[in-house]
Amino acid sequence: LSTMQVLKSLTHHMASISGQHAHQGLLKEDQQLLILDQIGGLLPLRKKVHESFHRLLSSIQEYQKLIQLKDRQQDQLELLRFQRQEIQAARVTVGEDVELEQEIARLKNAEMLLDVIHSSIHSLYSASGAVVERIMEVGKRLAQASRFDAGLEPPSEALSESAYKIEDVVATLRAHMVGIQVDEGRLEAAEARMDFLIKLKRKYGKTLQDVLEKHTAIEQALAQVENLSGELSESHKTLEGLQAQTGALCQELSEKRHAVARDLSQAAEVELATLKMNQTRFQVSLIRVVSTSEPDPFLLFDDRLMTETGFETARFLIAPNIGEALKPMSDIASGGELSRIVLALKAILAQTDAVETVIFDEVDAGIGGTVAEMVGSKLAKLSRFHQVICITHLPQIARFGDHQFRIAKQVVNQRTTTTIHKLTHKERIEEIARMMAGENVTAKTLAHASEMMTEAVIN
């Protein structure tokens, strides 16, 4: 099972169906342009134009995206530059805030710290009966006693080492005390720096490491803006190349179309003359495509708008009677005239169309008599190039077929069925007679039908 859409896509090159819808389609300018290109063998070139145009269209869209991106980034460019300058001017280092916090604590408590250090030094070393003095005195007494008891020697030595360590502690405290200052100016500067770092972290991250990483990200963003300018330049060059390429293809297609249009206008008048429209004037007019809005500059080539089908549309003009002005077919063509115009174009197209089968459904709409004879003869000539299948109610057309089938509907078991039956030569004569006379077929009608069949074979 398959859908009609899939079936149509697979078989469109196998059969061409011309029915009443084909007549209606002939009134549409896009279909008229397609017919012109088919007759002129321009479909391969038209395909190149289509492909090149859509590559151009895709590149225009990408270029516009880059421009929009640049516009958005341009709005942020000044902010990015300000942020970069602010972080660079701050000259922050990781851990600086921790060190500042400790320094501020020392500055705020400098007097207390100096008092603690001074009293500690005094107690350990400077005071009468200081700790180091008492330890050394005990050590000496133990050293003297160790002459009589060797077991007292290690405690004596440990106390001596403790005394030396206390002296080292005192030296460290004195050195540290030099670095502790009561400096209101430095405290204010440290607190101001700390406030600045806190504000910086509020803007760019929780830590100074985050601030530095933000600086790196800003540098990358600014580099992308610079790279974007390069991308825009490359994209612009690509667009110019595609514009020139598409324009050249459209120009080539346009020139060939004008030549085909002239030839088709003449050939159509010749074909229409064989279908009893010998006074008809037919002209293919090519009209430049115009845009209802301001087009993208890259869609213009020599001030002409490019589309996926080229520079122009086609319009078939016709004047069926002498003295009338050429007008679009949709304005003046009747059903019978449209049927013959379709047939005339199919006859011209037969020389270039690769389709194998042409189906004409109700090609006899609006015609009869001598015109029907001409249509039947034209179909027979067309069958030299293609397999032609024609559904008709006119005997003047049916007689020209190499084979004839009768299609009938009947009710069987409460259901309507359709049957198709290939007619023998005798049955064809009978069917032709029935098509002429209806149900009351006479010997004279049969004789006339036989004569019609014979003349068709001779022709």
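The following legends describe an overview and several close-up views of a predicted model.

Local features are reported at pLDDT of at least 70 and side-chain atom pairs only at pLDDT 80 or more, while totals for chains, interfaces and linings use all residues. Residues are numbered from 1 along each chain as its sequence is written, and side-chain values use heavy atoms, with hydrogens and water left out.

**Figure 1. Overview of the protein chain, with 16 helices and 10 strands.** Helices (H or I, at least four residues) and strands (E, at least two) are DSSP runs numbered from the N terminus. The C-alpha trace spans about 170 × 60 × 35 Å along its principal axes. The radius of gyration of the chain is 52 Å, whereas a compact globule of 459 residues would have one near 23 Å; this quantity is taken over C-alpha atoms, and the globule rule is 2.2 Å times the number of residues to the power 0.38. Of the 459 residues, 36% are buried. Buried denotes under 20% relative accessible area, exposed over 50%, and partly exposed in between (1.4 Å probe, protein chains only). Among contacts (heavy atoms within 4.5 Å) with a separation of 6 or more, 73% are between residues 24 or more positions apart.

**Figure 2. The largest nonpolar core, around Leu26, Leu36 and Phe316.** A nonpolar core is a set of buried Ala, Val, Leu, Ile, Met, Phe, Trp, Tyr and Cys residues joined through side-chain atoms within 4.5 Å. This core holds 59 residues, of which Leu26, Leu36 and Phe316 touch the most other members. Elements that give two or more residues to the core include helix H3 (29–39), helix H10 (208–273), strand E5 (312–319) and helix H12 (335–349). Helix H10 gives the most, with 12 residues. Beyond four places in sequence, Phe316 touches residues including Leu26, Ile35, Leu264, Phe282, Val284, Met329 and Leu345. Another core lies apart from this one and has 19 residues, among them Val92, Ile104, Leu197 and Leu200.

**Figure 3. Aromatic pair of Tyr63 and Phe298.** The structure holds 3 aromatic pairs. The ring centres of Tyr63 and Phe298 are 6.0 Å apart and the planes stand at 80°, so the pair is edge-to-face. Rings of Phe, Tyr and Trp (its six-membered ring) pair if their centres lie within 6.5 Å; planes under 30 degrees apart are stacked, over 60 edge-to-face and the rest tilted. The two residues are 235 residues apart, and the pair links distant parts of the chain: Tyr63 belongs to helix H4 (residues 43–90), and Phe298 to the loop between strand E2 (281–288) and strand E3 (300–301). Tyr63 is buried at 16% relative accessibility, and Phe298 is buried at 11%.

**Figure 4. Arg304 over the face of Phe311.** Arg304 lies 4.1 Å from the ring centre of Phe311. A charge sits over a ring if NZ of Lys or CZ of Arg is within 6 Å of the ring centre and within 35 degrees of the ring normal.

Figure 5. Neighbours within four places in sequence aside, Thr246 is in contact with Ser52, Phe53, Leu56 and Met306.

**Figure 6. Asn413 and the loop between strand E9 (405–412) and strand E10 (415–422).** Phi of Asn413 is near 55°, a positive value in a residue other than glycine. Gln414 is found in the loop between E9 and E10, and its phi, near 65°, is likewise a positive value in a residue other than glycine. Asn413 is exposed, with a relative accessible area of 70%, and Gln414 is exposed at 78%.

**Figure 7. Glu431 in helix H15 (residues 425–437).** Glu431 is buried, with a relative accessible area of 7%. A polar contact of 3.4 Å joins its side chain to that of Arg406. Leaving aside neighbours within four places in sequence, Glu431 is in contact with Gln404, Arg406 and Leu423.

Note on methods:
Polar contact = N/O pair within 3.5 Å; in protein donor to acceptor, adjacent residues only side chain to side chain.
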